[in-house]
Amino acid sequence: MRGIIFAITVFLFAGICWAAVPTATIGVPAAGDHYYWFAYTDIKGQSVTTTPKSFKDKKVTADVPLVKDAVPKGTLLYVLDAKTGNEAVRPLQGKGALTVDLSKSDFDRVRKVEVSVIGSQSGNPAAAAIVKLVDADKKSQEKVLDPSSGGTVEFDDVAEGTASVTVLYGDNKKSSQDVEITIERESPVLKLDIPIAGAIETLAPAQSDASDKSGKSDQSEKGQQVKGVDYITGLIGAILLIVVVYFAVRMMSNKGVGAKSILKKLGVQVEEDQPLMEPAKPATPVDPTICPFCGQKKDASGACSCSVIGTAAPAVPASSGPRLVAIQGPRMGEVYDLQGTLTIGREESNTVAFPDDSTVSRRHARIASDAGQFTIYDEGSSNGTFVNGVKVEEQVLHSGDEIQIGTTRLRFENG
């Protein structure tokens, strides 16, 4: 009897404990490949992240982690849509059974964002830099880019919207620009290229390793074997064709058919015999003392009565006036005349627009004239305006000065 009472007590106690364990019912907009995990701070103050677990249905029930038999304050639930690479992040609050129903708009973060830093002049990946990303929720992340990174760093859990990317490189040099973090994209991983217009240390083009060389060597040997077989087959075919043509010509020649007729029947174009050209008659010698125009005798100076004098065509005047000439970049060779105020930027409304250059700000710079003197002004651009390699806010231009705007270099000419 005592054994039965003890078993019942243990069973009731286990049921009470099981009922006290909090759970969370997670709902997603549609079935598919999803993962969930939790992040919280344990009793020692250390950050803990649970192992991601997968589910495919629209709903799943998950055990919530406990600290001192309670859900830790600040516990976050992460739900990832593996197909899109977007995730939802929600805090857990309350006791007992919790319910988290997520809509499509709740998946407003990008799980992985790859930022590739490249030198705009060489096109090679950067070797060393500090890359800082501040997303639309003001969450700041900082990564170190070293040669082993291949020019690329990764950021996690980046909020949708406009983010700022700042690259620190060289001797206290900095380049900043705004980028758009979008949840509508083709790849689960969002990839961004950040070109640096200034002088930044870059990596050499990647060299194939020994295994690649070995693989290529094997392929090369196989290719050579195939080429050898093809060569022998082609040679045998050519010899057979020559033999067939030879005997065909012999047989038809015996029947009185000419070689040209045989070749024509075989589809070979044969040029017809051309009549011999009569030899050209020798040119009549010209008397240098007789004028070819009027036929009169020339005097000692070489002039005659008609005195024919040729006139030279007038030279076309070269273009002049203040202007900008693109000497490097996608618009190389284009010329922009300076009349009044000239604006430069990424927007199409600018006088000089570079819509495809992400290193150029929407309103990057302007050039204004005053009493024949031209001055360039930086309009608060992200990557700066450079004159003769020096970053400027305001600079008087002289003929021959070189202006760097993003990846385009312009030469100022006046006269």
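Predicted model: local features only at pLDDT ≥ 70, side-chain atom pairs only at ≥ 80, totals over all residues.
Over how many bridges do strand β13 and β14 pair, and in which sense? Residues are numbered from 1 along each chain as its sequence is written, and side-chain values use heavy atoms, with hydrogens and water left out.

The protein has three helices and 26 strands; these are DSSP runs numbered from the N terminus, helices being H or I with at least four residues and strands E with at least two. Of its 415 residues, 29% count as buried, meaning under 20% relative accessible area, with exposed over 50% and partly exposed in between (1.4 Å probe, protein chains only).

Now, back to the strands. β13 (residues 161–169) and β14 pair in the antiparallel sense over nine bridges; two strands pair if DSSP finds at least two bridges between them. In that pairing, Y169 stands opposite K173 of β14. Both strands belong to an open, antiparallel sheet of four, ordered β11-β10-β13-β14. Its edge strands, β11 (140–145) and β14 (173–181), each pair on one side only.

Finally, please look at helix α2, residues 210–254, where Y231 lies. Y231 counts as exposed because its relative accessibility is 58%.
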